[in-house]
Amino acid sequence: MSDQSTSAPPPRRTFLMVLPLLAFAALAVLFWFRLGSGDPSRIPSALIGRPAPQTTLPPLEGLQAGNVQVPGFDPSAFKGKVSLINVWASWCVPCHDEAPLLTELAKDKRFQLVGINYKDAPDNARRFLGRYGNPFGRVGTDANGRASIEWGVYGVPETFVVGREGTIVYKLVGPITPENFRSVLLPQMEKALKAGS
């Protein structure tokens, strides 16, 4: 009988066995650094500079201001006014955080504040607005989320600045905070107010 000794695989075969592991490790490191860097509120929107979607939405059933039903979402109301469109829901935790800021924003009569209530039950939405106050002059209900898709919404909350001519001039992904309000949203609103005045 011959003595068969086990020998190591040839170097080329070892390299081929390790190659997938090295490729996976390189991709994992790349994804780790790319996902960790960057501001999620800076997700680009293809709608910037384009006309706002012409989707009308029914009013939030039972939401009243001064015993009058608050009107729904009508894009024709954007013409001639700078509008701040906020997509929100009562089940959205960051929406609760930004609600007091929206109430403060509503005091500025240079623009109109419009809400899109996203995939929410009317009772919950009214309770939410009852708790924080209704900052919106108009509130449309987007029960199935289709209108929000037309607006390019990734998730709630999101806020859009629409210029006087009805075009989207800015999109903020995520909640309005005191920091991003002062540093980003207010300058964008001021720019829209100056344009076409």
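Colleague: Which residue does Asp123 meet in a salt bridge?

Modeller: Keep in mind that this is a predicted model, where local features need pLDDT of at least 70, side-chain atom pairs count only at pLDDT 80 or more, and totals for chains, interfaces and linings use all residues. Residues are numbered from 1 along each chain as its sequence is written, and side-chain values use heavy atoms, with hydrogens and water left out. A salt bridge here is a side-chain nitrogen of Lys or Arg within 4 Å of a carboxyl oxygen of Asp or Glu. At 2.3 Å, N to O, the partner of Asp123 is Arg126.

Colleague: Which residues of helix 3 are buried?

Modeller: Buried means under 20% relative accessible area, exposed over 50%, and partly exposed in between, with a 1.4 Å probe and protein chains only. In helix 3, residues 122–132, that gives Ala125, Phe128 and Leu129. Seen down the helix axis, the buried residues fall within an arc of 90° (taken from the directions from the axis to the C-beta atoms), so they line one face. On the other side, the exposed ones are Arg127, Gly130 and Arg131, so the buried set is Ala125, Phe128 and Leu129.

Colleague: What do the buried residues of helix 3 pack against?

Modeller: Contact means heavy atoms within 4.5 Å. The buried residues of helix 3 pack against strand 3 (82–88), helix 2 (93–105) and strand 4 (111–118).

Colleague: Which residues are linked with Arg110 in a network of salt bridges?

Modeller: Arg110 pairs with Asp108, the closest N and O atoms being 2.8 Å apart, and with Glu190 at 3.0 Å. Glu190 lies in helix 5 (residues 178–194) and Arg110 in the loop between helix 2 and strand 4, so this pair ties together parts that are 80 residues apart in sequence. In the network, Arg110 is linked with Asp108 and Glu190.

Colleague: How many salt bridges are there in the whole structure?

Modeller: Those of Arg110 with Asp108 and Asp123 with Arg126 are among them. A search of the whole structure puts the count at 5.

Notes: Helices (H or I, at least four residues) and strands (E, at least two) are DSSP runs, numbered from the N terminus.
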